[in-house]
Each structure stands twice: as structure tokens, then as C-alpha cells.
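Dear colleague,

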Amino acid sequence: MPLGKKASRSEAAPAIAAGIELEKMRRRVRLSRLALFIAIAAGPVALAVAVASGPATAEAAAPHRASPVRTEAAAADPAGYAQVFLDAWLRSSADEAGSAQAQFAQSLAPDVALPDRAADAQPKLTSVTAVRSVQRDEDAWAVTVAAQYADSTVRYFTVPVTADRTGVSFAVTAVPGVVAGPDRAAVPASPYTVTVPSDSSLAATVGEFLGAYLTGTGEVDRYLAPGVKLAPVSPAPYTSVTVREVSAVEEAAAAGPVPADGTQVRVRVQAEARDDTGRWPLAYELALTARSGRWDVAAQSGTVQGGGAR
């Protein structure tokens, strides 16, 4: 064969191969389109399968794009904002618009009028506390705030507050209104119906634990179940603690000897603590576990009730 013919054939080979490869790619595209049309006609399930099984070349060609991260709007509770506003509003007066309290109140609510208080016309305000928040609309709230005065009277105000969608900006939208205080809820029956004898091992453990916890007498860790961590109150607030009553949910807590290992009971302890200022009734809910013939404190639910008497 002449050399010129060999050269022309060798030059034509790459072009033919490229044409064949291009034709294969076109066929794959046509097949992919056909599969997509069939999937659309067959329904959404088949469509999902077709999209997932598309040609690898198209997947490789598409640039990787990070999925947008969507965050929900922060939950807004303007109770603290309303409390701060009402404190400043009640302490301000329209006759003293330049006072620090008046300026602060108006900075929180620029369009809200200040009260016109007569000098010494009402008892001195001692504290304000937000007691309830109700969301009226997507961005509108009504906050009930209790105001306590030096003569022990309490008035309840409702403060209308608006919040932005991020939950970080608030504004008082109108002057507060005096409302009735919240109703007292019915107290449910106590689950602690089993009386624990005062001379029982459980009552003794509870008394020693509270003594170490509240007065610093002894080590708290020695009364705790394995793995339980609980630091004593520091500095110790009381000089002595006396257990007045222990009641339980489970009958096992009132049994004479300590039951089998692993037995768990829940108790409520009524105690009396003393310090230099008087005596203080306290209550605690505890969970205890039997282990090696003794009771270990496994959990403390916290103070159930506290008060003071002198």
C-alpha cells in the first residue's frame, strides 16, 4: 500500500473514533430523555427513580452546590422586657419627663404615655414580676406583670408587646392595663401516701444526707448512689436540720429491713432548718435505691416547698 494512503487512513481513524463516541453520547441523552418522559407519564415514583438513575456524565458535569440551611425563627418570650418596662413606667411621671426612669420607659415604648402621679399618692413600689405570657398573634404578646408595693398590696398589669420575627427585638405597643390576678390552680392529690417510720433506716439516711447537704456536717458523697454527683450548698446556709416527716410513693419505703438491692423508692421529706435568723420549713423530693443493706440517694428533684417562720 502506498505511503500516502497509509497516512490518510491513520489521520481518519481518530475522527471516526470521535464520531462514534459522539454518537454514543447522543444515544445516551436520547435514552435519558425517553426514560424521563416515560417516568413523568407513569407517576411521581417512577419519576424519582428516573432522576436518581440518570447518566453519570451529567451528574459529574453538574457543579456541587451546598444546600441552603434553613433556620426557624427564634422563639420570642418578651416577659422580661415587659417586666423591665413596667418597673420603669410605674416609677416615672409625666411631670418629670426628663427623669432617668421616664426616659428609660419611653426608650422601650416611645409612643406610650407616662402616668401622671401625685406626690406620695400611692405606696412605694418594691418589685415587679412577670407571671404569664400569652401569644396573641405571630408577633403580638400580652404579658401579665405583678407589681408589689411597700404596704404588701399587689396589682396585676397586662403589657402588650410586639416581637420581631427573629425574637430578639421587642416594643411595648400601648399603655398597660390593670387586670385581675391569675386564679389559683387546684392542687392535685399527693402521690406520697405511704408514711415512713421516723426510726427507720430510710429516715435516718435522709436526715444525715440533708444535714451534710445544708449544714456542711459530713460528706454528701457517702450518701449518694454510685455515679450520682451532687455538690452541697455552699456556703452552708443553716446550722441544723431536723426531719419532721417522710412520706413515700412505694410501700417498700416503709418496710422494716432494707429491701433487696436495686429496689427504688420516691420520698418527700418535710424538714426544718435553723440559722441565726430563725427557723425555716423546707421540703425535698428524693429518689433512693437499696444497696448492700443501706439506702443511697439516687436523685434529688429539688425544693418542692420553702418558707420561713420566726
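Ring pairs link Phe209, Tyr213 and Tyr284 into a cluster; rings of Phe, Tyr and Trp (its six-membered ring) pair if their centres lie within 6.5 Å, and planes under 30 degrees apart count as stacked, over 60 as edge-to-face and the rest as tilted. Please note that this is a predicted model, in which local features need pLDDT of at least 70 and side-chain atom pairs count only at pLDDT 80 or more, while totals for chains, interfaces and linings use all residues. Residues are numbered from 1 along each chain as its sequence is written, and side-chain values use heavy atoms, with hydrogens and water left out.

The structure holds three aromatic pairs. Tyrosine 81 and phenylalanine 170 form a tilted one, at 5.6 Å centre to centre and 45° between the planes. Phenylalanine 170 is partly exposed, with a relative accessible area of 22% (buried means under 20%, exposed over 50%, partly exposed in between; 1.4 Å probe, protein chains only).

The planes of tyrosine 213 and tyrosine 284 stand at 90° with the ring centres 6.4 Å apart, so this pair is edge-to-face. Because tyrosine 213 lies in helix 6 (residues 201-215) and tyrosine 284 in strand 9 (residues 278-291), the pair ties together parts that are 71 residues apart in sequence. Helices (H or I, at least four residues) and strands (E, at least two) are DSSP runs, numbered from the N terminus. Both tyrosine 213 and tyrosine 284 are buried.

In strand 9, tyrosine 284 is the bridge partner of valine 269. Valine 269, in strand 8, also stands opposite valine 246.

Yours sincerely

Note on methods. Pairing = 2+ DSSP bridges.
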